[in-house]
2 protein chains.
Amino acid sequence: MTARIIDGAAIAAAVRADVAHDVAAHIAIGGRRPHLSVVLVGDDPASHVYVRNKGRACEEVGMTSETIALLATTSQQKVLEVVARLNADLAVSGILVQMPLPAHIDASAVLRAIDPRKDVDGLTPTNQGLLLQGTPDLIPATPAGVLEMLRRSDIDPEGQRVVVVGRSVLVGRPLAMLLANRMPGANATVTIAHTGTRDLGAVTREADILIAAMGRPRAITAAMVKPGATVVDVGINQILDATRKSGTRLVGDVDFESVKDVAGAITPVPGGVGPMTIAMLVVSTLRAARRQEAT
Amino acid sequence: MTARIIDGAAIAAAVRADVAHDVAAHIAIGGRRPHLSVVLVGDDPASHVYVRNKGRACEEVGMTSETIALLATTSQQKVLEVVARLNADLAVSGILVQMPLPAHIDASAVLRAIDPRKDVDGLTPTNQGLLLQGTPDLIPATPAGVLEMLRRSDIDPEGQRVVVVGRSVLVGRPLAMLLANRMPGANATVTIAHTGTRDLGAVTREADILIAAMGRPRAITAAMVKPGATVVDVGINQILDATRKSGTRLVGDVDFESVKDVAGAITPVPGGVGPMTIAMLVVSTLRAARRQEAT
């Protein structure tokens, strides 16, 4: 048996098309054009690529965006002032502070300063607290993307055993809380596994839906997967590959080649969860814009 | 085999004795006497009993406490003013707003108003967010009590399979997050089960440590417990009992009589988690007092 390949790029395109439609409808009834402000401090090359992609995704769905690029030496006070100005600006629907911030800036102080209603990354204490409490509002993009991808693939976690491998702040922990919620597309029996888990394979084989998010290249092998299970690969790891011009390639946390013969459905890397993450950012920005104009 | 009975009342007394010692030491080095302010709105009889017990626990360990009792008709604005005054008062170490609040008051708005450094119940968004993120500061008393009870009983969740049955805001969800943390007394492989779980018995039988927190009298039976497992009963349910003068008695979520012959260790109800909850409130109050004076 070969698993159904879940095409994250195609699903993300469908999400963006829906958002583009909704943005046009929002504007047609007199709403403001949603606008995302990204705060980028320093010159980390990867961050610059991410931010550019986020801006492009906004334009593609008819939103505007701006990047406020600050020098690596910018003071914390100055970053807080920028956030305060964006909070107060009615034309700004969403605020995203690109991580990581330079070491001299207290990232949690900056996150605390963002108006929770504009917190499209779902990282302010208010939104994190709501997520813990089972009443999520704006949530981090990667967990949101995983849920949306399952939903659009007609894979319902309801009543299923879900095992999340990894307990990161951005993926594992929020995903476990979301999937355990009593809400459509969730209500699963969720197990959180991690580096402290004994006999990881025995735990992962219990999963009807296995989510790999531990950041270890191809660590989930065929023997760790229950036949027919859905396998979602959140990992993005760069490994050496002499056959490529670049000398490297991207792989997930799942050993795709072997696992695809055991799983019922599987997400590839690249082209799986990755594209969903950026698509969910524009979903959050639209949601934030609508909510602010409704109040 | 009969399980070891974990004596929550005795462990709670030991916790209180430690806190009393630490309070005295704190004052001896010139610290302020820790003070808990409890805000009680309305005349729910059970709430009045809880608040009285909390005040008594403070006195017992050498802390002071006050109850600010407000009429059920008090406006939200007035409650927020009281909280603001307590936030600003240097003599107040901890603030606890007794739940439930009357229906006309937005409980989450009141919780949001509490200074997180004085939030001894761990219910402000900031503290809930920290808990979600795996860097807990002040945490709700019941999950704290469960962890402390295990620690003082030499039962280490490290590497164990823990199943938490129930996903409440006050117990199941925070407890799952705490037990999955990479920290001493945690680092367990945690499963969250609930009303949406299929074949609950199969899931609970996986547990080395089973935590019952679903609020259903004696729902966990012997057949659902792995021989030798530790069973922690968070439930407090009043059931009819014609043999008692009152006509009722308290039972947990675990069928104690049958489960004690299967489990390796078990907490009774009453006298298990209940006493721990109040003991952990004074732990939190001392912690809050120390932290405020350190800064």
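Q: How many bridges join strand E6 of chain A to E6(B), and do the two run parallel or antiparallel?
A: Strands of a sheet pair through backbone hydrogen bonds, either parallel or antiparallel. Keep in mind that this model is predicted. Here, strand E6 (residues 189-193) of chain A and E6(B) run antiparallel, joined by 3 bridges.

Q: Which residue in E6(B) is the bridge partner of Ile192(A)?
A: Val190(B) is the partner.

Q: How many residues of chain B are in contact with chain A?
A: Contact means C-beta atoms, placed from the backbone, within 7 Å. By that cut-off, 28 residues of chain B touch 28 residues of chain A.

Q: Which elements of chain B each supply at least two residues of that side?
A: Helix H5 (125-132), helix H7 (172-180) and strand E6 (189-193) of chain B do. H5(B) gives the largest share, with 6 residues.

Q: What is the make-up of that side by class?
A: On the side of chain B that touches chain A, 11 residues are nonpolar, 12 are polar and 5 are charged.

Q: Now chain A itself. What is the strand order in the open sheet of 3 strands?
A: The order is E3-E2-E4, and the pairing is parallel. Strand E3 (64-70) and strand E4 (94-97) of chain A are the edges, each pairing on one side only. From one strand to the next, the twist averages 15 degrees.

Q: How many bridges link strand E2 of chain A and E4(A)?
A: Strand E2 (residues 35-41) of chain A pairs with E4(A) over 4 bridges, in the parallel sense.

Definitions and conventions
Residues are numbered from 1 along each chain as its sequence is written. Chains are lettered from A and ligands numbered from 1 in the order in which they are written. This is a predicted model: local features need pLDDT of at least 70, side-chain atom pairs count only at pLDDT 80 or more; totals for chains, interfaces and linings use all residues. Two residues are in contact if their C-beta atoms, placed from the backbone, lie within 7 Å. Ala, Val, Leu, Ile, Met, Phe, Trp, Tyr, Cys and Pro count as nonpolar, Asp, Glu, Lys and Arg as charged, and the others, Gly among them, as polar. Two strands pair if DSSP finds at least two bridges between them. Axes are lines fitted to C-alpha atoms, for helices over the stretch in contact, and angles run from 0 to 180 degrees between N-to-C directions.
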